[in-house]
Amino acid sequence: MTKIQKKILITGGAGFIGSHVVRLFVKKYPDYRIYNLDALTYAGNLENIKDVENEPNYKFVKGDIKDIEFINSLFEEIQFDAVIHLAAESHVDRSITNPNEFIETNVLGTANLLNAFRDSNKGNFEGKLFYHVSTDEVYGSLGKTGLFKETTPYDPQSPYASSKAASDHLVRAYGNTYGLPFVISNCSNNYGANQFPEKLIPLFINNVKLSKPLPVYGDGNYTRDWLYVVDHARAIDEIFHHGKKGETYNIGGFNEWTNLNLIKLLCKLMDERLNRPEGSSEKLITFVKDRAGHDRRYAIDAGKINSELGWKPSVTFEEGLALTLDWYLSNDEWLESVTSGSYQEYYKKMYS
Ligand code: NAD
Ligand code: TYD
């Protein structure tokens, strides 16, 4: 039997990025015991991590980070060496409709974890770490030039971004006030398998597949920096093991695309895969009302993680996108199960 060296709580491990982080840690570190805490909201799905559910170093814990009593009793029961915190409400459009849910989960939920981690360690943080997974959206919106650096002042523009910014501030404040050891990473837009089809890439894959309109917000000339989710998980692994405590690392794909150019590439690759005449999917592009307060451009300077930790993306965008399209096209059941039920109501409310 492998001797367990560390007990790690990963929150949000049934979600998109969390499931890739859980998989990487469970498989790569048999001597770590990984506890996956997730409330299984609309975005959480145990199917995302089915392949590790029977591993001896893995345990799923269903629970809500908003529930103070539950969180406190979990930390009393298990002495965690580290927390990797990903659980969050993560979709900007939903934060515009329902900001309070974002404040409750992303801000208060993070505070509950910080308090429980602080209290369970009773002032002795030797060998401990609180890793907070955050977003580049805390920095606001860029003009045509410039990149987000770790030193860029916070300027969040959406309720989602401001709730993540608030949680980042809390983590740093707990470091300063209580000596709680932490790292924070701020990553650009992720794409890959298991992303809930409310975000641009999986939503558009699903709509192309079903020959439904592709709702492009505003003029479509918004820019995002895209990173393959497995590379984000690799970066989290590097930072967790080799990052300096108390530091922030920006993670990005060195890979900027306007929405329209990305959508056109996606349409071309989908036509090839679905054996449709070239140009068929592009015809589905439909310009719709812009998102309120839509950030024009995000772009990350990932120089620090590259030079200090030697991390860089392992796949090109073309490779990552091809892997992603193939995954969605060969996982009909997953896509159908997550787009039935409440997704239909969400879709109608958002896009009709
Ligand atoms: P997601 O929405 O796919 O998954 C979130 C997970 O958190 C789900 O499994 C959900 O059930 C769980 N969750 C939500 N509320 C909870 C609660 N109250 N208690 C316990 N679990 C709860 O999100 P994602 O895209 O995987 O993002 C994960 C993290 O990474 C988030 O913190 C997000 O801010 C950050 N991030 C995301 C991106 C991106 O492009 N998706 C980029 C940078 C950073
Ligand atoms: P999204 O995937 O929601 O990520 P974020 O808002 O966090 O960057 O959106 C990516 C870009 O795609 C963003 O500029 C908004 C745009 N978008 C659309 O044009 N149509 C859509 O239906 C969605 C969901 C997004």
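Predicted model: local features only at pLDDT ≥ 70, side-chain atom pairs only at ≥ 80, totals over all residues.
Local features were taken at pLDDT of at least 70 and side-chain atom pairs only at pLDDT 80 or more, while totals for chains, interfaces and linings use all residues; side-chain values use heavy atoms, with hydrogens and water left out. Residues are numbered from 1 along each chain as its sequence is written, and chains are lettered from A and ligands numbered from 1 in the order in which they are written.

Helices (H or I, at least four residues) and strands (E, at least two) are DSSP runs numbered from the N terminus. Two strands pair if DSSP finds at least two bridges between them. In general, strands of a sheet pair through backbone hydrogen bonds, either parallel or antiparallel. The pairing of E7 with E9 is parallel and extends over 3 bridges, and Tyr191 stands opposite Tyr228 in E9.

Helix H10 comprises the 13 residues 317-329. The expected span of a helix is 1.5 Å times one less than its number of residues; for H10 this gives 18 Å, which agrees with the 18 Å between its end C-alpha atoms. Its buried residues (under 20% relative accessible area, with exposed over 50% and partly exposed in between; 1.4 Å probe, protein chains only) include Phe317, Leu321, Trp327 and Tyr328. Among the elements covering the buried residues of H10 are strands E7, E9 and E11 and helices H8 and H11.

Asn250 lies in strand E10 (residues 248-251) and is buried, because its relative accessible area is 0%. A polar contact (a pair of N or O atoms within 3.5 Å; within protein, one must be able to donate a hydrogen and the other to accept it, and residues adjacent in sequence count only if both atoms are side-chain atoms) joins the side chains of Asn250 and Tyr139 at 2.8 Å. The Asn250 side chain also reaches the backbone oxygen of Lys149 at 3.4 Å.

Gly218, in the loop between strands E8 and E9, is partly exposed because its relative accessibility is 21%. Beyond four places in sequence, Gly218 is in contact (heavy atoms within 4.5 Å) with Phe287, Val288, Lys289 and Asp290.
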